[in-house]
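Let's take a friendly walk through this model, pocket by pocket. Have the viewer open as you read.

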Amino acid sequence: MNANQALWEKGDFTQLARTMRQSGEKFVAGLGITKGMKVLDLGCGDGTTAIPAAKLGAEVLGVDIARNLVEAGTKRAADENITGIKFQYGDAIQLDGIDDKQFDLVVSVFGAMFAPQPYDVARSMVRVTKPGGRIIMGNWIPGDPTLVAQVLKTSSAFTPPPPEGFISPMLWGTEPEVINRFTAAGIKKENISFEKVTFTFIADESPVIYLQRFINYYGPTMNAFDAADKNGKRAELQEQLEALFTAQNTAADPGKTNIDASFLKVTVQI
Ligand SMILES: C[S@@+](CC[C@H](N)C(=O)[O-])C[C@H]1O[C@@H](n2cnc3c(N)ncnc32)[C@H](O)[C@@H]1O
């Protein structure tokens, strides 16, 4: 199994995803989805964006490299009696078995950004989109002061250096890199646009309890704690993250969590 797949199968992203549903629905509501539109949700997790897209009448294929999340998405759709949606295993790098020019919209919210080989990912997304269709990505921004960029930054400070040649997923959050990747896939620069938008993490628990979800279920944070354990630095990492989550919380009730995180919305017109 490749390291990318192992990272996401290690945890249980559903435990975080359930605190992101409101933002997922709001994001999808702004994508101009109409009945019958063919939508690919790449790195779909358990359907935070795929399920709202299907509810708007789109014909949705959710693809994810983590088999546990494909299963969780399939179950959510069945439990909610949602039709016109299918979840399947796949890797954003190749999108094997998916024909060219299939989709009106390819959406990937904090998904494809985590695949290695970003130039191949851009090429694959362009390949499966119909002429006249769109690709929309949501990518965390390196150095951004909000939650997820800071969690990833803190986590990486406690994790051993990545193997040589590793390309940080966060580069998908920088406009020049996104332009390089899509222009290399044959897209004109003027057909790529950017907007900074926000997702809100909402939970009925204090930010310190909420952090526990990252520690127990979010692959990158789990790896950071594994590495910190080996160096006797667990308490230091925990303290830094507790301070971060508490400082970022805007809920009036300290027993609840409401944390905004900014990301780069990328729109590519094919
Ligand atoms: C942060 S989660 C986001 C999930 C979902 N888009 C959401 O908003 O809830 C990242 C997702 O990308 C998936 N992913 C990572 N690398 C991938 C790859 N190479 N191909 C397909 N999916 C991938 C992970 O398995 C995980 O479900």
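A pocket here is an open set of points on a 1 Å grid over the protein atoms alone, where a 1.4 Å probe fits, with protein on both sides within 12 Å along at least five of seven lines; lining residues have an atom within 4 Å of a point. This is a predicted model, in which local features need pLDDT of at least 70 and side-chain atom pairs pLDDT 80 or more, while totals for chains, interfaces and linings use all residues. Residues are numbered from 1 along each chain as its sequence is written, and side-chain values use heavy atoms, without hydrogens and water.

Helix 3 (21-29), strand 6 (192-203) and strand 7 (257-269) each give at least two residues to that lining; helices (H or I, at least four residues) and strands (E, at least two) are DSSP runs, numbered from the N terminus.

Now turn to the largest pocket. Its lining has 34 residues, and Leu 7, Pro 162, Phe 166, Pro 169 and Asn 223 lie nearest its centre. Helix 10 provides the largest share of this lining, six residues.

Asn 231 counts as exposed (over 50%) because its relative accessibility is 51%.

Conventions:
Buried < 20%, exposed > 50% of the residue type's maximum accessible area, 1.4 Å probe, protein only.
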